[in-house]
Amino acid sequence: MPEGDSVWKLARRLDRTLLGRTVVRSDLRVPRLATRDLAGRRMVEHATYGKHLLTRLSARADEPDGVPVTLHSHLRMDGEWSVTGPGKVLPRRMMHEVRLVLGLDSGSTAWGLRLHDLDLVATADEAQLVGHLGPDPLRDDWDPAEAVRRLRATPSTPFVSALLDQTLICGLGNLWVNELAFLMGVSPWTPIGDVDVERLVTRAATALKHSATVPGAYQVTTGLSRRGEDHWVTGRAGRRCLRCGTEVQVVAELPNDAAHRRTWWCPHCQPGPGPEVRVASRQR
Ligand SMILES: [Zn+2]
């Protein structure tokens, strides 16, 4: 599932094929942006902020007062980018999922499929879109002390809900928060204030960087890449814990509640409160 490491890898992949290319044709297939035209702008870079992807484009060469712009997108559970070579298009059956088309002067085409929260702002105004987010371990401006401070500020919040809150620390999705609870040896609903938050933040940052940058390590949390053994608890309901042999448990998400997603845990390796302590959070 797309998490901060997924989007970071996607940004590097897009940069390898698109950087320095000029858009010759654009089609933004969301009503609010349908009349905007990105033709004449050069691809400057892809930046990420947690699970948010920022496609930065130059000012238009023929507009003396023009400004660089940033196209924002979010993958959520199912979004995807695809790049096709000269003369190639996506299969017809995928066309209804296309939200974005960028034709480039190389002849290649970048397609955004099932993208969410598409937005276009002046690059100088990116903070409007991502300014609310917490520190991100995959960014150059990563500030672990600030992440610790923000996580400690809500000590009664359950472990998984605190780590999923992108305004506290940014880039961890449901896979990583479940695995980190196991690695820290606490139940997913342990109040975050009862956890060694400094050690947790160090561990989370190391894990996310390793997953994003080491070949073959992507979202492998156990060190074993074999399917069914690549995660400690996530997706392993009813199977034996890889450490102690106890049956791994799962509880369903609370509907429409981003703070209470589906959660897996080993009751032996992860002592602490069970899912009965969950309280539906207010919609944000
Ligand atoms: Zn166990």
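Colleague: In what sense do strand 1 and strand 6 pair, and over how many bridges?

Modeller: In this predicted model, strand 1 and strand 6, residues 98-104, pair in the antiparallel sense, over five bridges. Within that pairing, Arg25 has Gly103 of strand 6 as its bridge partner.

Colleague: What is the strand order of the sheet?

Modeller: The order is 1-6-7-5, in an open sheet of four strands with antiparallel pairing. From one strand to the next the twist averages 15°.

Colleague: Changing topic. Which domains does the assignment give?

Modeller: The domain assignment of the protein chain gives domain 1 as 4-130 and domain 2 as 144-277. Their centres, taken over C-alpha atoms, are separated by 31 Å.

Colleague: And how many residues are in contact between domain 1 and domain 2?

Modeller: Seven residues of domain 1 are in contact with ten residues of domain 2. On the domain 1 side, helix 1 (residues 4-18) gives the most, with four residues. By class, that side of domain 1 has three charged, two polar and two nonpolar residues.

Colleague: What about the largest nonpolar core, which residues touch the most other members?

Modeller: That core has 45 residues, and those touching the most other members are Phe159, Leu163, Ile169, Trp176, Val177, Ala181 and Ala204. Elements giving two or more residues to this core include helix 1, strand 3 (52-57) and helix 3 (144-152). Helix 6 has the largest share of this core, with eight residues.

Colleague: Why does this core lie between domain 1 and domain 2?

Modeller: Because domain 1 (4-130) and domain 2 (144-277) both give residues to this core.

Colleague: Take Val177 then. What does Val177 touch?

Modeller: Leaving out residues up to four places away in sequence, Val177 touches Val160, Leu163, Leu164 and Leu172. There is also another core, apart from the largest one, with 15 residues, among them Leu28, Met43, Leu57 and Ala110.

Colleague: How many residues of helix 5 are buried?

Modeller: Nine of the eleven residues in helix 5 (residues 174-184) are buried, so to speak mostly covered.

Colleague: Which residue other than glycine has a positive phi near 50°?

Modeller: Arg114, with phi near 50°. Arg114 is in the loop between strand 7 (109-113) and strand 8 (116-122).

Colleague: Why does Arg114 count as partly exposed?

Modeller: Because Arg114 has 15 C-beta neighbours inside 10 Å, and the partly exposed class falls between the cut-offs of 12 or fewer for exposed and 20 or more for buried.

Colleague: And Asp117, where does Asp117 lie?

Modeller: Asp117 lies in strand 8. Asp117 is not a glycine, yet has a positive phi of about 55°. With 14 C-beta neighbours inside 10 Å, Asp117 also counts as partly exposed.

Terms used. Residues are numbered from 1 along each chain as its sequence is written. This is a predicted model: local features need pLDDT of at least 70, side-chain atom pairs count only at pLDDT 80 or more; totals for chains, interfaces and linings use all residues. Two strands pair if DSSP finds at least two bridges between them. Axes are lines fitted to C-alpha atoms, for helices over the stretch in contact, and angles run from 0 to 180 degrees between N-to-C directions. Domain bounds come from an automatic or database domain assignment. Two residues are in contact if their C-beta atoms, placed from the backbone, lie within 7 Å. Ala, Val, Leu, Ile, Met, Phe, Trp, Tyr, Cys and Pro count as nonpolar, Asp, Glu, Lys and Arg as charged, and the others, Gly among them, as polar. A nonpolar core is a set of buried Ala, Val, Leu, Ile, Met, Phe, Trp, Tyr and Cys residues joined through C-beta atoms within 7 Å.
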